[in-house]
Amino acid sequence: MDFGFKLSPSSAINLDKVDTEKFAELHRAEPDVYKCMACGSCTSTCPANRFSGMSVRKVILGLQRGKEKEVIAMMKNCMLCGKCSMVCPRGINTRHLILSICRIYGEDMK
Amino acid sequence: MRERFLTGYNDFVLPFVCGMLFVLGYCLVGLVRIIMQLPAEDRKKFFISLITPKTLLKNIKDIFLKCLIHVDIWKRNKLLGYMHSSIAFGWFMLIVVGHIEVFLYTSDLGAKALYYPIFFRYFVAETESTMKGALIFFLMDFFLLVVLSGIALAIIKRVRSRLFGMRRTTNPSFLDLIGQYSLWSIFPLRLLAESFTADISGGSFLTKSLNYVFTEFLSNHANMLPAWWAYSCALGIFFVVLPFTRYMHIPTEILLIPFRNAGIKIVNARKGFAKAQVYSCPSCGLCIDACPMGVLKGNIKDTTVYLNRQIRRNNEARIEEISDKCLLCGKCTAICPVGVEGDKLRIAQRSVRKYNFGSDYSNISASEEILRCNKFVNNNNTSVSNPDKERVLYFAGCMTALTPVIRKATESILSKAGTDYEIMDRDGGICCGRPMLMAGRFDQARQLIEKNTEIIMGSGADTLLLSCPICYKIFREHYALPGIRVIHHTEYFDELIRTGRLDVRKGGTRYVFHDPCELGRGCGVYDEPRNVISSAGELVEAAKNRKESICCGGSLGSLTLSFDKRKAMTENALANLTADSPDEIVTACPLCMTTFSRYADRPVTDIAQVLDKCSGPGRN
Amino acid sequence: MKENIVIIGGGIAGLEAACQLLDLGYKPIIIEKSDHLGGHVADWNCLFPDMTPAGDIVSALISKAADANIFLNTEISFVNKLQDSYNIMLSNGISIITRIMLVTTGFSVFDASKKEEYGYGVYDQVITNKDLEHWFNTGDDRRVNDSAMNAIGFVHCVGSRDEKARNSQCSKVCCITAVKQAIEMKQKFPEAMVYCFYMDLRMFGKKYEDFYISAQRDYGIRFIRGRVSEVSENIDGRVIVKAEDTLSGKPVKVTLDLLVLMAGMVCSQDSTKVANMIKLPLDSDGFLKSADNVADIIDSPKEGIFYAGACTGPKTVPETLAEARAAALKIHLYIMKK
């Protein structure tokens, strides 16, 4: 399986069309979501990564780029073990972030 | 003895009778509802336990010791214990002796039985000149004095709680205050009322003496009725507000104890056993001082006593906030005198949260995972190659992957002891499921448990060794691993030393042991790590240890506490550990170790490191 | 000129300031805790971007500052505030009365063992940038195995930009130091693969970018944008590093013979100790607080007390020297005004 974000003309991200409302709600629930500096620590430490490509970094980026579907597919394998919160240099509460995403975003997303 | 009134009735009994009937009715309805809310299986278990002599006896014993004598509070603080048992036991004895008195002196009561034991002195004049009379009068006055002394202490406690070993107490709600003031006034009013009648109906050292001392006032029988009215009103008010105040714990606790002894667990977040726990909370506030989050003033309202209050009020927003913030260290549960399980109650609240999507681990292949740790099975993957020898499967756990020093030291000890071992998660394993469980997502946790069970059962091991207490707890409680011994590394090391498989040289370092929440309170492992440390050096104790050990603050239990808010808790826990100035802080949990070493002023090590440093292969 | 000027710390900032003050005709007093002058720079081998030998810089400074009163192996026991001056008691029993102090206590190298996941002190192949410079200088470190050096990794930002390590600031010089050390290692072991694991490369200084280009073009050093999260050991004792290659969005794993942790700069305990004694405030990053972070970086909020160098935050060598000169001038003007 491959959930990386490939850039091809048809899948170009159009920021004008990205729905920012849900992300704003997520930001209210977990303000630290904007602190991510995309270092990738969470990805490489994640035990679910080898099964579904789960990466909190990609989740945060994907939600801001309108890639909800890919994000939810990745998150299906999250075990909530908290390793990502342990290694995050910015001290983001990733477990609360993940639970908030599960609450705010849904399967019926585009 | 003589009946003073032919009718045996006066209007002043009405407030009491109404209040009494109301509270009895309320409790009866509540009792039936709670029992009906239990799952059918639990209900059956409960009824069976009520007729099983062993649990029945235990119920009676527990109710007597806990509800009346308050032994747990005595163990904590003598003065606080006396305050509680004097009011509870004293009042109980007043009721018992009152009934005996009524039984001895009157017959054919009818409806009067409702209030006669309470207002006996008003209706019946009795002589204290016989031995029987004197004794009963004395007992009644004595227990009244006991209760009064308890009430006096309760008033002092409101002002100076520190005298009772409590730094902080609960902020009472409005109705709690009404209940409290009416309770406080019941007994002085009773004393006053009985003193009025002491020269007519008799009395003992307290009532009679008062009657003599205040001759002008108390011997003027014109003033008698208002006092009896006031006494009855105080009782009536207390009973009417009781269901809506913390005093509801008095009847509920009598139900909670048989529930607990029947082995019932929380299933529904708000109903049945959970409800019984919430209503059993006496709002004593012992959990406020115990809570590790309490070092920050802003967290005081997030302790278990306030959770119970908010659940009773159905304040959903606050229930969610309080439940999600908690570190789940379990200390409030450990010290709660009535046995409210603050941690389990919170997990239950988390479990009712609605999520739009869950997890699906069906793409994880357990058989592929087994191939990564299949040392003990034969090539055809069907049988164990060495069935008679010990075969240890070491599950280091997610957190240990971030503290490689623990895994390295453990492996080194295993080699020295000649243990045949295999690592289950060398390149990362599957989470044990405990963090998911703590978030209240039981179905997801169940899926992880199933995957890991398949891997462990397929590995051919006979022992599962863990170095992370978070994993250990769930492996012990939620996994079914027939034929496999689940053991934490502290216990395994202790065993290696005791059986002579490891030779330890004792050094002069002073170690303090931090009891990790999940290992100590969670699994009851306190002595084994101390044995190991004592054989390696000098063991000193923290100011608060064992069941009262303070959470490091790094717990995965909290969902919302952000990293920067935890610092104060860690520093407080460190101050507790270093009270006896040890050279080194030793723990047995990778998470505690990481958290402490961030702020500690001295080395923080895992027990495996300590043992590895000073051990060699043993004689056996 | 009988004015006592006390310089706390004999690193390059203290030495440079002393040289300037000597030129201006003063006789400053240098208090140094260790047994040698030159501070961290004295432990370094070469300096970027021109590979200037660090020893040359330090020895030139020491010989120029030789006329100052220098107390080695000396610490400040306590400081008493007098009417408009300070009485400083030294650990060697000497007491000095002064109204002017220059704090040049510098920084400490972050204790890399605090990042437990990197296994410093646990695995034999994990060293720090400082250990590597020591090896460049002396060739003495059993952890560096010359005979089998096939792959080397550098981890940037160890204890920098890391709230978990309680240092959220960027240590400024580690990026360029890593590039420098990577080049040096490649020069020593031309066959070895050299990887730099970085979060952001901050090549801000003079000729830094050229240096970076050279590392890529001339030395073939592989830059991987991703922070290392875990280090483990394989059976033959080599270390395995796990990171995410965030540019390809894939996790990477590589086996190395040597892993160098670029430990960052943190405020030294000596700075905090001195700050406590003279009641100087600390800034939110843990370093000493200047009167103004733009206009008056070398002024403390207290009269007569000045700063130079890394005690106010991570600095490069040229920045430190420039501050030391500025501080010397500031002290001269301060004395003249009275």
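1. Domain bounds here come from an automatic or database domain assignment. For chain C of this predicted model, that assignment gives domain 1 as 5–106 + 268–337 and domain 2 as 112–264.

2. The centres of domain 1 and domain 2 of chain C, taken over C-alpha atoms, are separated by 31 Å. Contact between the two involves 8 residues of domain 1 of chain C and 16 residues of domain 2 of chain C. On the domain 1 side, the residues that touch domain 2 of chain C divide into 4 nonpolar, 2 polar and 2 charged.

3. Chain C contains an open sheet of 5 strands in the order S11-S18-S12-S13-S14, with parallel pairing. Its edge strands are S11 (126–128) and S14 (222–225) of chain C, each of which pairs on one side only. From one strand to the next, the twist averages 25 degrees.

4. Within this sheet, S12 (residues 151–158) and S18 (residues 258–263) of chain C run parallel and are joined by 5 bridges. In this pair, C:Phe154 stands opposite C:Val260 in S18(C). Helix H5 (residues 174–188) of chain C packs on the sheet, where it touches S12, S13 (193–198) and S18 of chain C. The direction of helix H5 of chain C makes about 170 degrees with that of S12(C).

5. Which residues touch the most other members of the largest nonpolar core? They are C:Leu102 and C:Leu261, in a core of 311 residues. The largest share of this core, 9 residues, is supplied by helix H11 (residues 224–241) of chain B. As background, nonpolar side chains tend to be buried together in soluble globular proteins.

6. Chain A has 7 helices and 0 strands, and its pattern along the sequence is α-α-α-α-α-α-α. Of the 110 residues in chain A, 52% are buried. Taking contacts in chain A between residues at least 6 apart in sequence, 63% join residues at least 24 apart.

7. Chain A meets chain B through 26 residues of chain A and 25 residues of chain B. On the chain A side, helices H3 (49–52), H6 (83–87) and H7 (94–104) each supply at least two residues. The largest share, 5 residues, comes from H7(A). By class, the side of chain A that touches chain B has 12 nonpolar, 7 polar and 7 charged residues.

8. Chain A also meets chain C, with 18 residues of chain A in contact with 16 residues of chain C. The elements giving two or more residues to the chain A side are helix H2 (41–45) and helix H4 (56–64) of chain A. Here H2(A) gives the largest share, 4 residues. The side of chain A that touches chain C divides by class into 6 nonpolar, 9 polar and 3 charged residues.

9. Chain B has 28 helices and 12 strands. The C-alpha trace of chain B spans about 100 × 55 × 45 Å along its principal axes. Buried residues account for 50% of the 620 residues in chain B. Among contacts in chain B between residues at least 6 apart in sequence, 75% join residues at least 24 apart.

10. Why does B:Leu286 count as buried? It has 26 other C-beta atoms within 10 Å, and the cut-off for a buried residue is 20 or more. B:Leu286 lies in helix H14 (residues 286–290) of chain B. Not counting residues up to four places away in sequence, B:Leu286 touches B:Ile335, B:Cys336 and B:Pro337. The C-alpha atoms of B:Leu286 and B:Thr170 are separated by 8.6 Å, with the two residues 116 residues apart along the chain.

Note on methods: Residues are numbered from 1 along each chain as its sequence is written. Chains are lettered from A and ligands numbered from 1 in the order in which they are written. This is a predicted model: local features need pLDDT of at least 70, side-chain atom pairs count only at pLDDT 80 or more; totals for chains, interfaces and linings use all residues. A residue is buried if 20 or more other C-beta atoms lie within 10 Å of its own, exposed if 12 or fewer, and partly exposed in between; C-beta atoms are placed from the backbone. Two residues are in contact if their C-beta atoms, placed from the backbone, lie within 7 Å. Ala, Val, Leu, Ile, Met, Phe, Trp, Tyr, Cys and Pro count as nonpolar, Asp, Glu, Lys and Arg as charged, and the others, Gly among them, as polar. Two strands pair if DSSP finds at least two bridges between them. Axes are lines fitted to C-alpha atoms, for helices over the stretch in contact, and angles run from 0 to 180 degrees between N-to-C directions. A nonpolar core is a set of buried Ala, Val, Leu, Ile, Met, Phe, Trp, Tyr and Cys residues joined through C-beta atoms within 7 Å.
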